[in-house]
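The following account is intended to be read alongside the sequence and the coordinates. Please keep both in view while following the paragraphs below.

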Amino acid sequence: MTDTLDRLRRILGTGCSFLLFGVAGLLMGAVVSPLLGLRERDPAIRELRVQALIQRCFAAFTGFMEWTGVISVSAVGIGALAEGGPHLLVANHPTLIDVVLLGALLPQMDCVVKREMWSNPLMRGVVQGAGYLPNDGGEATVQVCLHRLRAGRTVLLFPEGTRSPQGGLGRLQRGAAHVALASGAPLVPVTITCRPPGLMRGQKWYDVPERRMQLRLERGSSIPADAQGASRSVAARRLTRELREHFEKGIQHVGI
Amino acid sequence: MSASSPVSRSAEEVFGTLREILTREFDLREEEVRPESRLADDLDLDSIDAVDLAVKVEDALGFEFEPDDMQDLETLQDVIDLIRGRPPHAVPV
């Protein structure tokens with residue numbers, strides 16, 4: 001009986017969280033972001049202000065999910081990333097809320113997100129206002145990431161390009177490695193794990209696990225981008241292999 | 001020294017050149033590279049690799065890819081057929 005009530009409470013908590021997320025996204029895109037645009041003409045400054053606001057919203061969303069008992073979050077080494085930089089962050093992508101969890105901890109990050117977000121009425125205003133980057137793939141995405149890094153902005157990529165398969169890691173695309181090799185910036189890996197599994201690919205939002213999800217975000221040691229005389233294709237493959245090994249080790253250590 | 005026209009090369013010659021490029025520049029093993037190998041699924045070539053491969057092929061064979069060529073190619077055999085079936089734009093002299 002207690003278990004059933006707890007489960008119902010977490011289903012309700014998840015539903016309310018996503019409802020709030022949708023409403024906040026709509027308000028941000030339709031009202032707040034355009035208002036900030038009126039006050040600040042410089043697009044770069046405007047985007048940074050929107051991103052700072054997004055951090056507060058994401059932090060509130062994460063706090064609400066914790067308060068309702070849906071998730072608990074622990075982060076190792078992420079907060080320090082707010083200092084210094086810019087960083088080239090790369091994360092695995094087990095759950096629906098990974099970008100929210102990371103965004104709650106970092107006041108500035110240019111996320112590379114799916115192009116579909118630009119046609120999603122709830123998210124379009126936010127991704128445009130924040131200056132997020134559409135994942136069009138290939139050289140175009142590499143160049144736009146390079147441009148942002150050179151402008152001193154932290155960039156976040158999910159090399160899998162979509163959520164991980166349950167319990168594992170999808171195929172890693174090599175775009176992040178190409179950005180690292182072209183910019184000289186090391187890859188800063190963040191391994192995300194979730195026990196028990198929830199909000200994963202193929203799971204419905206109301207399909208809550210048997211207990212509260214324990215989400216852990218752990219920053220790993222930076223992986224230097226050094227071609228060591230190899231062609232860029234070979235270097236990108238090697239760097240991506242190294243990144244994969246890092247994620248696999250982190251996932252196996254905690255269990256996804 | 002001039003590169004001979006790709007049209008005049010046999011399929012084996014073109015394949016040999018492609019295999020040499022793929023093993024040297026893309027970290028692939030010789031046994032992985034077969035005419036029937038699928039570019040994306042078997043050889044794990046992405047769009048950036050495709051651009052690099054096109055440049056290397058041009059250097060080696062004098063064959064220029066059109067911008068959209070790579071989108072229609074599925075296997076290495078398709079690349080060989082394309083190279084052998086179209087006259088080069090410019091053969092290096």
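Is Asp98(A) buried or exposed? The model is a predicted one, and in it Asp98(A) has 22 other C-beta atoms within 10 Å. A residue counts as buried when 20 or more such atoms lie within that distance, so Asp98(A) is buried. This aspartate belongs to helix 3 of chain A, which covers residues 98–105. Beyond its neighbours within four places in sequence, Asp98(A) is in contact with Ala91(A), His93(A) and Ile192(A).

Seven strands form an open sheet in the order 1-7-6-2-5-3-4, and their pairing is mixed. Strand 1 and strand 4 (133–134) of chain A are the edge strands, each pairing on one side only. In general, the strands of a sheet pair through backbone hydrogen bonds, in either a parallel or an antiparallel manner. Strand 1 and strand 7 of chain A run parallel and are joined by six bridges. Within this part of the sheet, Ala75(A) has Leu217(A) of strand 7 as its bridge partner. Helix 6 of chain A, residues 175–183, lies across strand 2, strand 5 (155–157) and strand 6 of chain A. The direction of helix 6 of chain A is at about 160° to that of strand 2 of chain A.

Most peptide bonds are trans, and most residues other than glycine have a negative phi. The bond from Gly85(A) to Pro86(A) is cis, however, with omega near 10°. Pro86(A) is found in the loop that links strand 1 (71–76) and strand 2 (88–91) of chain A. Arg195(A) and Pro196(A) are likewise joined by a cis peptide bond, for which omega is about -10°. The loop that holds Pro196(A) runs between strand 6 (187–195) and strand 7 (213–219) of chain A.

In chain B, the backbone angle to examine is phi. Asp27(B) is not a glycine, but its phi is positive, at about 65°. Asp44(B), also a residue other than glycine, has a positive phi near 60°. The loop between helix 1 and helix 2 of chain B contains Asp27(B), and Asp44(B) lies in that loop as well. Asp27(B) is partly exposed because 18 other C-beta atoms lie within 10 Å. Asp44(B), with 17 other C-beta atoms within 10 Å, is therefore partly exposed too.

How do the helices on either side of this loop pack? Helix 1 (residues 11–25) and helix 2 (residues 47–61) of chain B meet at an angle of about 130°, and their axes are 10 Å apart. That angle makes helix 1 of chain B oblique to helix 2 of chain B. Their crossing is right-handed. Helix 1 of chain B contributes Thr17(B), Ile21(B) and Glu25(B) to the contact, while helix 2 of chain B contributes residues including Asp52(B), Leu53(B) and Lys56(B). The residues of this contact comprise five nonpolar, one polar and three charged.

Finally, the two chains touch one another. Nine residues of chain B and eleven residues of chain A make up the contact. On the chain B side, helix 2 supplies the largest share, five residues. That side of chain B comprises three nonpolar, one polar and five charged residues.

Key. Residues are numbered from 1 along each chain as its sequence is written. Chains are lettered from A and ligands numbered from 1 in the order in which they are written. This is a predicted model: local features need pLDDT of at least 70, side-chain atom pairs count only at pLDDT 80 or more; totals for chains, interfaces and linings use all residues. Axes are lines fitted to C-alpha atoms, for helices over the stretch in contact, and angles run from 0 to 180 degrees between N-to-C directions. Helices (H or I, at least four residues) and strands (E, at least two) are DSSP runs, numbered from the N terminus. Angles under 35 degrees count as roughly parallel, over 145 as roughly antiparallel, 65 to 115 as roughly perpendicular and the rest as oblique. A crossing is left-handed if the near helix is turned anticlockwise from the far one by less than a right angle, and right-handed if clockwise. Two residues are in contact if their C-beta atoms, placed from the backbone, lie within 7 Å. Ala, Val, Leu, Ile, Met, Phe, Trp, Tyr, Cys and Pro count as nonpolar, Asp, Glu, Lys and Arg as charged, and the others, Gly among them, as polar. A residue is buried if 20 or more other C-beta atoms lie within 10 Å of its own, exposed if 12 or fewer, and partly exposed in between; C-beta atoms are placed from the backbone. Two strands pair if DSSP finds at least two bridges between them.
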